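Work through the exercises below with the model open. Try each task before reading its solution.

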Amino acid sequence: MIQSLEQRSLSQAKITLDPIGTPMTPQKSTIYFIMGVSGVGKSTIGAMLSEALKIPFFDGDDYHPTANVEKMTNGQPLNDDDRYDWLLALNTLAQTQEKRNSCIIVCSALKENYREILSNGVASPIQWIHLVGAFELVLDRIDARQNHFMPSNLLKSQFDTLEPPANAIEIDISLPPKEIVQQIMNELTSKTEFGLFGLGVMGKSLSRNLANNNFKISLYNRHVPNTEENVALHFKNAHPELSNALPFDNIETFVASIQTPRKIMLMVNAGKTIDYVIEDLLPHLEVGDILIDGGNSNYKKTKQRSEYLASKGIHFIGVGVSGGEEGALNGPSIMPSGLKKTYNTVAPFFEAIAAKDKNQLPCCTYIGPEGSGHFVKMVHNGIEYAEMQLLAEVVVILKELGNNPDEIATLLESWKVSASSYLLEITIDILRKKEEGDWLLHKIMDKAGNKGTGNWATIATAELGTPSSLIATALFARYTSFYKEDRVRFQKLYETEASAPKLSVDEVFKAYQFARIINHFQGIKLITEASKSFDWYINLSEVARIWTNGCIIRSALMEDLVEILKDDDTMLANQYIVQQIDALKSEARTTVAQCVLAEIPVPCLSEAINFFHSLTTAKSSANIIQAQRDYFGAHTYQRVDDTTGKMYHTNWK
């Protein structure tokens with residue numbers, strides 16, 4: 001039945017066929033659902049719109065099972081159980097058709113959960129078109145039509161069931177059919193699908209990525225006389241792939257250019273700027289529009305903004321985007337959060353532009369509610385801080401062993417066989433870069449900056465009581481680097497003649513690998529504790545999967561974690577990791593010990609082994625600390641010889 005209906009619909013739509021008779025596939029499919037109560041003219045408008053767009057049209061009524069038709073013919077309204085198989089059939093139709101072409105499917109889709117069933121698993125963008133009219137008008141139309149199984153006495157049950165969608169083009173059916181179709185066409189053809197607000201480095205790259213994936217987009221950048229003028233227009237003109245993009249430096253016209261419900265991604269600096277932009281946009285938005293924060297915002301602020309915008313009827317999604325300028329252009333790792341149904345609306349855009357993992361799945365997954373996406377991105381950056389610091393420490397050690405930058409690069413190149421990562425690759429490139437005959441690295445001031453995410457991750461690990469100590473150590477190492485004048489002065493005051501470390505390159509490599517495992521364990525543990533504390537139910541294996549490509553911390557180790565985290569979220573209890581640690585820990589101890597003797601600062605390598613020793617020591621020194629707390633503050637303590645959990649206090653004098 002479905003095949004014959006498809007053939008009939010293709011014929012009705014008069015779409016162009018290729019030489020072997022198969023419908024020509026457009027560059028990007030869209031599934032158009034025309035919805036509304038019975039009698040609003042869905043089939044009529046669907047057929048006319050099919051002609052206008054030259055795409056197939058499918059009438060959902062043709063897919064009702066016989067039992068449903070008989071029930072409605074007898075004047076009985078359908079219930080959810082009756083509709084379920086029908087909705088599944090239309091969902092299958094949408095998934096099948098999207099692989100061939102765009103299409104129009106007519107379906108009442110009265111409830112939100114019906115629409116969720118219809119859209120489940122559909123990778124292409126979905127456009128809902130809701131035909132609306134007064135009860136009396138629709139009733140008159142039902143009474144006037146002939147040869148339809150839906151009697152007019154069921155209309156009230158449909159109006160009672162209807163849950164108007166927030167993400168649809170809404171059209172008044174009092175207009176003539178031609179005008180209705182023209183309104184829909186104006187909305188679809190003259191307006192864009194997605195808006196980018198802010199054309200900095202990341203905003204520009206994401207814009208080009210969207211355009212390269214055949215999305216029609218609107219671009220906005222602020223207008224500052226004599227400083228920033230016609231930025232969006234100049235940007236469009238500089239890149240051929242943006243030929244269909246619409247450039248703006250006026251907010252009102254920018255917002256008006258986007259199809260409703262509008263999807264606008266904010267690519268501006270985190271902090272107060274986001275709030276200012278939201279207030280500037282609000283007067284021009286409508287209920288159901290979607291704002292997306294794609295910057296490195298604090299996860300707590302994301303939750304607050306989500307609640308504030310919800311009170312205005314505006315949906316808000318916090319999205320972590322990793323990959324830098326190159327990743328944003330060619331495929332980043334994307335970490336979205338918010339209401340799941342809101343994410344589903346924008347998922348086709350994000351999943352199209354995201355990097356692809358080894359199985360060609362998008363490195364984009366729904367993280368969870370509230371600010372969970374920005375939290376995961378924050379932890380990503382925290383892990384990144386420590387990974388960068390570890391490589392910096394390795395380079396210093398290898399330099400102290402008598403190697404110049406080219407020689408160090410060659411050594412690191414050999415590590416890629418068993419420890420490949422994006423950060424290792426770029427460090428090799430950095431070491432080899434020369435300027436005027438000397439290595440450029442020698443000319444770069446040794447002061448490391450940061451943009452806040454490492455700081456927030458350190459605060460979060462303290463607030464959650466989770467010892468992600470390598471993130472904090474890497475952050476403090478950057479802070480220490482800024483005391484350049486003090487460091488120069490104190491080196492002269494305390495300079496001693498330390499001997500070179502007695503280390504092999506293999507020992508350094510194993511220490512590096514050991515510390516990386518500890519760093520990833522701590523970062524994953526931080527996400528685990530946040531997920532439990534905030535009821536986010538984050539899928540750790542999925543997080544690792546979307547970090548295997550596109551992002552800054554992609555690596556062979558991350559590939560391993562995809563499988564490891566499916567079974568064990570503690571990671572260090574995994575047998576493979578246990579074997580790795582056992583094979584590496586001796587060299588990690590030796591490397592740190594030799595660096596201490598040689599007065600080489602290796603804060604993250606040192607912290608990794610110290611943390612490991614603390615975590616693997618069954619009886620720690622914390623009993624002394626708890627006794628001290630009880631001595632001066634009567635904070636009480638538990639006893640090892642009392643398993644009831646009772647608290648004790650002692651008069652220590």
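**Exercise 1. In what order do the 7 strands of the open sheet lie, and which stand at the edges?**

Step 1. In this predicted model, the strand order is β8-β7-β6-β9-β10-β11-β12, with mixed pairing. Strands are DSSP runs of E, at least two residues, and helices are runs of H or I, at least four residues, numbered from the N terminus. Two strands pair if DSSP finds at least two bridges between them.

Step 2. β8 (246-248) and β12 (333-337) each have a single partner strand, so one side of each is left without a neighbour in the sheet.

Step 3. From one strand to the next, the twist averages 20 degrees. Axes are lines fitted to C-alpha atoms, for helices over the stretch in contact (heavy atoms within 4.5 Å). Angles run from 0 to 180 degrees between N-to-C directions.

Step 4. Zoom in on β10 (residues 290-293) and β11 (residues 315-322): they run parallel, joined by 4 bridges. Ile 292 has Ile 317 of β11 as its bridge partner.

**Exercise 2. Which strands does helix α9 lie across, and which does helix α16?**

Step 1. Helix α9 (residues 201-212) lies across β6, β7, β9 and β11, at about 160 degrees to β6.

Step 2. Helix α16 (residues 372-400) lies across β10, β11 and β12, at about 15 degrees to β11.

**Exercise 3. Classify the aromatic pairs Tyr 220 with Phe 254 and Phe 514 with Phe 612.**

Step 1. Apply the rule: rings of Phe, Tyr and Trp (its six-membered ring) pair if their centres lie within 6.5 Å; planes under 30 degrees apart count as stacked, over 60 as edge-to-face and the rest as tilted. The count comes to 23 aromatic pairs.

Step 2. Tyr 220 and Phe 254 are 5.5 Å apart centre to centre, with 45 degrees between the planes: tilted. Tyr 220 is in strand β7 and Phe 254 in helix α11, 34 residues apart. Both are buried (under 20% relative accessible area, 1.4 Å probe, protein chains only).

Step 3. Phe 514 and Phe 612 are edge-to-face, at 5.4 Å and 85 degrees. Phe 514 lies in helix α22 and Phe 612 in helix α26, so the pair ties together parts 98 residues apart in sequence.

**Reading notes.** Residues are numbered from 1 along each chain as its sequence is written, and side-chain values use heavy atoms, without hydrogens and water.

Key. This is a predicted model: local features need pLDDT of at least 70, side-chain atom pairs count only at pLDDT 80 or more; totals for chains, interfaces and linings use all residues. Buried means under 20% relative accessible area, exposed over 50%, partly exposed in between (1.4 Å probe, protein chains only).
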